[in-house]
Amino acid sequence: HYGDGGVLPRTALLSEWSSPWLISIHLMNGTWQVQALLFAIAVFFALMLLIGWKTRLATVVSWFLLVSLHNSNPLLLQGGDVLLRVGLFWAMFLPWGKEYSVDRSLSFQEVSTGKTVVSVWTAAFLLQIGFFYLFASFFKGYGEPWLSGMSVYYALSMDQFTTPLGEFLRGFPVLLAFLSFSVLWLQKVSFLLFFSPFFTRTTRTLGIILLMCMHLGLAVTMNLGPFSFVSISILTAFLHPDIWDTFMKQLRTTKRLGLKIYYDAECGFCKKSVFFIKTFSLIPETSILLAQKYPEVYTDMRKHDSWVVENFVGERYFGFDAAICIAEHSPLLRFFVPLMKLKWVRLHGEKTYRFVSNHRQRGCELEMPMIEPRLSFLNKKVSAVLGVFLIGYVFLWNLASLPDKRFEHLIPSEIAWVGPLLTLNQKWSMFAPIPSTDDGWYILVGRLKNGTEIDIFQKGEKVSFEKPSNVSAMYSNERWRKYHMNLSDDRNARFRPYYASYLCRNWNGTHTAEERVEHITVVFMLERTKPNFAISLPEKKILYEQNCVVPLPTQPRTPSEYSC
């Protein structure tokens, strides 16, 4: 999907995609090695973000690399990608590395609870999520199928999405109508539930539970890729602080409250390590103490040349056994305790501990001074004004995206570039106003040198125009499904030659001379969904034909080098 050897080479994207704001470092080089390197860098910063190390920097770079990736092949994108992208944008301005993170651990501060952060940017982040559901409901209000209760029937009739459970539910018309109205009204009231000034904790919790159930229902009935999981994850931003605190209170058992970890005051690396372990073991009440202040403990520390962990009854543990003791008290790590107690694991664990202990002085030397970007924009007032402008801009952009001509010119042309440049351009029209009635499946007819015809889509099987038993299972992942659905749209016909060329290269580069394909016909079996459960017959639609000039496997050619 990326690079010059894929379905959309860089030259094709730059010539066929008209947006002047297509900024992507993935387009700087088309080789697979460079693409792989960029993916590896993205993984590294994603892991930094996951554990909260240099959180602000990790968020900024992760957002930039995600935008770059999205811009390198827009034909693969869906609603979940847009939601993730805009969520990361607002998150760049949030202090979400202040709790349960490496940043917190390395600041040697205890994890706090009950702390509330209020700013223009936190409000903007929550409003963005609210806009997602609010404008999705507005789009649905313009569609007759949503108002008549037929929308879920149309959605589940799209075989490219539907799972076996979704196909089963198509047999219950009354249930489908109930689900249609439920989705419509749940999205309508979700904004009120999120921002109600009365009973806020109750209304937000109710909204979160209902919307999470909706997304889980979508996930088990339709193959929507990352959409459902991104939506569920981002909803947790609305969880009331009391809920998080209640969860943490459950961790405050007598055993955990009595756990103590002693470290050597002369070892900065040791201090950082124990705070890190405390944070990510989810034992926030554990005492971190200087061994030198307790002569008896310090004597044991020097005797065993080790850190010291003491449980609530005063038993002390050293080396890898101390790590096992901490794992036994951790709600996250206790499941690994049986494995850690295995003889060979303990042996290698102790060796690893001794190696780290013997080189702990180098640990401080290896610290990388990475500058955290400051996004305060000179001062808090300027930052607040910018935040208000951007969230107001997003609101107007969403209004202008509605199928209502009264709103289409809300964004002045002088600032229309802001949305695409910052990738805040969004349109929450999932299955709305009218779910697509065009469905179908692909047949890639390849004629071999010996005259035999095969279906490349089915890995060389005999060509058959019969409908597969499970259309959605034909695609190896969500990206291929979305790409093929976009390609079947005549508005994207200009991208079909590049796909056909890719098929030629991919097949001929991995088969013998006799098995190489000479001609490819991209066929889409169009199946239109009719109202009231009426049966429709598929229509054979030839999207594109191409003769394949056989390239050398090690020298893939560009689309222009093939005869059509």
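Author: A contact means a pair of heavy atoms within 4.5 Å. The model discussed here is a predicted one.

Reader: Among contacts in the protein between residues at least 6 apart in sequence, what percentage join residues at least 24 apart?

Author: The protein has 564 residues, of which 46% are buried, and its elements comprise 24 helices and nine strands. When contacts are taken between residues at least 6 apart in sequence, the share that joins residues at least 24 apart is 71%.

Reader: Over which residues does pLDDT stay under 50 while the model has 28 contacts beyond four places in sequence?

Author: The protein averages a pLDDT of 87, and 93% of the residues score at least 70. Where pLDDT is low, the predicted coordinates should not be read in detail. One stretch with pLDDT under 50 is residues 365-371, for which the model has seven contacts beyond four places in sequence. The stretch with 28 such contacts, also under 50 in pLDDT, is residues 550-564.

Reader: Is helix H4 largely enclosed by the rest of the structure or largely exposed, and how many of its residues are buried?

Author: Helix H4 covers residues 79-91; at 1.5 Å a residue it should span 18 Å, and its end C-alpha atoms are 18 Å apart, which agrees. The buried residues of H4 include Val82, Leu83, Phe89 and Trp90. H4 is largely enclosed by the rest of the structure, because the number of its residues that are buried is 12 of the 13.

Reader: Which residue caps the N-terminal end of H4?

Author: The backbone nitrogen of glycine 80 has a side-chain oxygen 2.7 Å away. Glycine 80 is itself among the buried residues of H4. The side-chain oxygen belongs to the capping residue, glutamine 78.

Reader: Is phenylalanine 524 buried or exposed?

Author: Phenylalanine 524 sits in strand S8, which runs over residues 517-528. Beyond four places in sequence, phenylalanine 524 touches residues including Gln160, Trp441, Tyr442 and Leu543. Its relative accessible area is 3%. Buried means under 20%, so phenylalanine 524 is classed as buried.

Reader: Is methionine 28 buried or exposed?

Author: Methionine 28 belongs to the loop between helix H1 (10-16) and helix H2 (32-51). Beyond four places in sequence, methionine 28 touches Arg10, Val34 and Leu38. The relative accessible area of methionine 28 is 55%. The cut-off for exposed is over 50%, and therefore methionine 28 is exposed.

Reader: What volume of space lies in the largest cavity?

Author: A search of the whole structure finds two cavities of 30 Å³ or more. The largest cavity is lined by residues including His1, Tyr2, Arg10 and His26. The space in this largest cavity is about 50 Å³.

Reader: Which two residues does a cis peptide bond join?

Author: Proline 433 is found in the loop between helix H22 (418-422) and strand S5 (438-448). The omega of the cis bond is about -5 degrees. The residues joined by this bond are alanine 432 and proline 433.

Reader: Does threonine 423 count as buried or exposed?

Author: Threonine 423 is in the loop between H22 and S5 and has a positive phi of about 55 degrees although it is not a glycine. Phenylalanine 431, in the loop between H22 and S5, also has a positive phi of about 55 degrees; at 23% relative accessibility, phenylalanine 431 counts as partly exposed. At 5% relative accessibility, threonine 423 counts as buried.

Technical notes: Residues numbered from 1 in each chain as written. Predicted model: local features only at pLDDT ≥ 70, side-chain atom pairs only at ≥ 80, totals over all residues. Heavy atoms only, no water. Helix = DSSP H or I, 4+ residues; strand = E, 2+ residues; numbered from the N terminus. Buried < 20%, exposed > 50% of the residue type's maximum accessible area, 1.4 Å probe, protein only. pLDDT = per-residue confidence, 0-100. Expected span 1.5 Å × (residues − 1). Polar contact = N/O pair within 3.5 Å; in protein donor to acceptor, adjacent residues only side chain to side chain. 1 Å grid on protein atoms, 1.4 Å probe; cavity = no way out; pocket = protein on both sides within 12 Å on 5 of 7 lines; lining within 4 Å. Points joined across faces, edges and corners; volume = space filled by probe spheres on them.
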